[in-house]
Structures are given as C-alpha cells and as structure tokens.
Amino acid sequence: MKKYIALTLVFTLLLAGCNTVPLSEQQLNKIKSVAIVNNFPQYPSYSLVGTTVFQNEYGSIKDKDYQAELSNVFAGYFGKKNYKSVTIHDNAKEVSPETDLIVTLEPAGLGLAGTPNQAGYGLYQKSFFGFSDAPFTYIEMNVFAKLASGEKFNTHSHDSTFISFKKLTKEWNDLSNFKKNEIANKIRKNIKKSANSSMRDLGL
C-alpha cells in the first residue's frame, strides 16, 4: 500500500508541470506534423491473482502486436485531421526536432492488488479462497502532448470491460479460441474508447 501511495505521489508531481486544459484553436492551427511515441509493451498482461502471492499467475496475451494496434488507432485519428505528416516511434530520440506535436503514450498502473506495475493494458481476475471475481479487460494510459514551442499538456484515460465467463486457464495459450477472441476484441474496444477520450480531453 505504501509503495502504491508513493508511486501515485511521484506521478502527481510529474503531472504538476503540465497543462490539463485542451489545446487552443490557435495552437492547433500551427500543427502540421505529428509524432506518436508509444511506450506501451507489445503484449497486454494476463493476470490471475489468488488469495496469496503463491497462487498468482502472470503472463502475456501474445496473439498479436497490441502496441502497434494502439499506435495505429492514434495514427488513424490524426490521419483524419489531414495533417501533413503523422509518424510512429518506439523511442522519443527517433522524433525529428522539427515536429510540431509529439504525443507520448505511457502505460499506467491499474492500482489493484497483484497487478504488474505499469502494465498499461490486459486482463485481470482476482480470486479469494476458491471464489473467482468476474474477470475484465482494461487499459490505463497517460497521454502527454508537447508542442514545438515547448508547451506541454496531458491527460489520463482508462476503460474496462467485464468478459462473459469466469473460468480461465493459468496460461493464455490454453484458452479456447472463443475465449481468446472475446478477450482480444474487448481489449481493442478499450483501446479505441480510451484513445478517443484522450484526444477529446486534449482538444485534438
């Protein structure tokens, strides 16, 4: 608990130097090029949390490149705005210094017992003495926007969706295709909803 409070405090201090208001129309009119820096892991987490730490099972959902899918959702959003250039990067050092707007996607912690720190997205289920809670997919994302002028903006977005079944296998690969497809589709929906919410908050 103390560790979580400390992490929350650090995150709050980091956000203190950024604006949480949307970009103005004047600022938006100056944007011609956009770079997306995606610091999410390639695969979402697969977390089954038991009564004790010895019953916890952790893995990854490795059926596709979700990091690329997240990047493409944001790129598609900006593409509809008819910017001259929209590029995707895994590292901020790759971004041209002449870029008008840099949007950085940072994974955030779910804030529940047993979840991997800064997982960003995935599936979570908690069990207690043999009784399993309803599992759900989720995304927790911090979005930072930086203009060429040096002005910074940020928002936090999250979304979660319960899945229709409780029985899960310890390993992702052992799930049926039906269950895998439902989980994957709901993570995609979490991504799209969270991306739209982030862009709306930033006024982009």
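1. Q27 is buried, with a relative accessible area of 15%. Here buried means under 20% relative accessible area, exposed over 50%, and partly exposed in between (1.4 Å probe, protein chains only). Q27 belongs to helix α2, residues 25–29. Helices (H or I, at least four residues) and strands (E, at least two) are DSSP runs, numbered from the N terminus. The Q27 side chain reaches the backbone nitrogen of S24 at 2.8 Å. Beyond its neighbours within four places in sequence, Q27 is in contact with L147, E151 and F153. Contact means heavy atoms within 4.5 Å.

2. On the basis of the values: this is a predicted model, where local features need pLDDT of at least 70, side-chain atom pairs count only at pLDDT 80 or more, and totals for chains, interfaces and linings use all residues. Residues are numbered from 1 along each chain as its sequence is written, and side-chain values use heavy atoms, with hydrogens and water left out.

3. The overall layout comes next. The protein has four helices and nine strands. Along the sequence they run α-α-β-β-β-α-β-β-β-β-β-β-α. Of the 204 residues, 42% are buried. Take the contacts between residues at least 6 apart in sequence: 72% of them join residues at least 24 apart. The protein exposes about 11400 Å², and carbon and sulfur atoms supply 54% of that area. Accessible areas come from the Shrake-Rupley method with a 1.4 Å probe; for residues, only the protein chains shown count as cover.

4. How many salt bridges does a search of the whole structure find? The search finds four. A salt bridge is a side-chain nitrogen of Lys or Arg within 4 Å of a carboxyl oxygen of Asp or Glu. Side chains of opposite charge can pair when their charged atoms come close.

5. One of these salt bridges joins E69 and R188, at 3.1 Å from N to O. The pair links distant parts of the chain: E69 sits in helix α3 (residues 66–79), R188 in helix α4 (residues 177–202), and they are 119 residues apart. E69 counts as buried at 19% relative accessibility. R188 counts as partly exposed at 22%.

6. E182 and K186 also meet through their side chains in a salt bridge, again given as 3.1 Å, N to O. They are four residues apart in helix α4, so about one helical turn separates them. An α-helix has 3.6 residues a turn, so residues three or four places apart point the same way. E182 counts as buried at 13% relative accessibility. K186 counts as buried too, at 19%.

7. K64 forms a salt bridge with D63, and the closest N and O atoms are 3.0 Å apart. K64 is partly exposed, with a relative accessible area of 26%. D63 is partly exposed as well, at 34%.

8. Helix α4 has 26 residues and reaches 37 Å from its first C-alpha to its last. That is close to the 38 Å expected at 1.5 Å a residue; the expected span is 1.5 Å times one less than the number of residues. Just after α4, G203 takes a positive phi of about 75°.

9. Which residues form a nonpolar patch on the surface? They are F128, F129 and F131, with about 420 Å² of accessible area together. Patches are made of residues with over 30% relative accessible area and no salt bridge; like charges are joined within 9 Å, nonpolar side chains (Val, Leu, Ile, Met, Phe, Trp, Tyr) within 5 Å. F131 lies in strand β7, residues 131–132. F131 is exposed, with a relative accessible area of 65%.

Note on methods. A polar contact is a pair of N or O atoms within 3.5 Å; within protein, one must be able to donate a hydrogen and the other to accept it, and residues adjacent in sequence count only if both atoms are side-chain atoms.
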